[in-house]
Amino acid sequence: MKVKTIPILSDNYSYLIIDERNKYCSAIDPASPEEIIPFIEENKLKLKYILNTHYHNDHTGGNLELKEKYKCKIYGPDKEKDQIPGIDNLLKENDIIKIHGYEAKIIETPGHTAGHIIYFFKDHKILFSGDTLFVLGCGKLFEGTPQIMWGSLLKIRNLPNETKIYCGHEYSKSNADFALSIEKNNNKLIKKSEEINKLVNENSFTVPTTVEEEIESNPFLRADVQNIKKNIEMESSSPEEVFGEIRRRKDNF
Ligand code: ZN
Ligand code: FE
């Protein structure tokens, strides 16, 4: 399964899944057509599907223009069907869709928005995580409580360790700085943060990350880890409370 990363807008990532044999492609959250179309045209591809993770305009803003040009079909969360321009196919928890012969399982991850979904290509262990999980970070809780978002993040934590994660934004550098403020005594995090700094300095992408690396280093997936609880003096609190506190600190970082 070939994934092409296309940085768009100021700090978003869109992705193309490419079917080289049949010259088709599908796009995850292609919000900026002028930055997507040149690649599609240069490679003589045809856009078959758009996969949206949630309704925010920096993810769905390209839907109508691309649909008009390529007559592609648009997938998105059932719960946000009224907010996603041009949506054709409504998705919910555990649905399986076939994209160029690759099966994706739909996982509902409310918290950033109430209807947010992520796409897990299980045979290839590839996850498109939208604005639920970022490299060393997670989405802001616009439409969910810490309890709800923690539940969503646990679903990602339970995926196979080697799963590659492609997220919706390049926030890795500031996320790493924040993560170190929570857990500066985590050697895996120190190493990951050095790798991120190097990639950013080279102007390279910091995606994909992996489930394993995020479990080892991402404070938002580690709200039930003793080292974190100790560092922020919440040793007797629940994971949901610890997660909520980490999220609050990040909002004010
Ligand atoms: Zn968003
Ligand atoms: Fe976004």
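**The sheet**

Six strands form an open sheet with mixed pairing, in the order S1-S2-S3-S4-S5-S6. I then asked which strands lie at the edge. They are S1 and strand S6 (89-91), and each of these pairs on one side only. I also checked the twist, which averages 25° from one strand to the next. I noted that the model is a predicted one.

**One strand pair**

Next I took strand S3 (residues 24-28) and strand S4 (residues 46-51). How many bridges join S3 to S4? I found five, and the two strands run parallel. I looked up one partner: Ala27 is bridged to Ile50 in S4.

**Helices on the sheet**

Helix H1 (residues 33-42) packs on the sheet. I listed what H1 touches: S1, strand S2 (12-19), S3 and S4. The direction of H1 makes about 145° with that of S1.

Helix H3 (residues 63-70) also packs on the sheet. H3 touches S4 and strand S5 (73-77). I wrote down its angle too: the direction of H3 makes about 150° with that of S4.

**One residue in S1**

I went back to the edge strand S1. Thr5 is found in S1, which covers residues 2-8. Is Thr5 buried or exposed? Its relative accessibility is 12%. Buried means under 20%, so Thr5 counts as buried.

Which residues does Thr5 touch? Leaving out residues up to four places away in sequence, I listed Tyr13, Ser14, Tyr15, Tyr166, Phe205 and Val207.

Conventions: Residues numbered from 1 in each chain as written. Chains lettered and ligands numbered in written order. Predicted model: local features only at pLDDT ≥ 70, side-chain atom pairs only at ≥ 80, totals over all residues. Heavy atoms only, no water. Helix = DSSP H or I, 4+ residues; strand = E, 2+ residues; numbered from the N terminus. Buried < 20%, exposed > 50% of the residue type's maximum accessible area, 1.4 Å probe, protein only. Contact = heavy atoms within 4.5 Å. Pairing = 2+ DSSP bridges. Axes fitted to C-alpha atoms, helices over the stretch in contact; angles between N-to-C directions.
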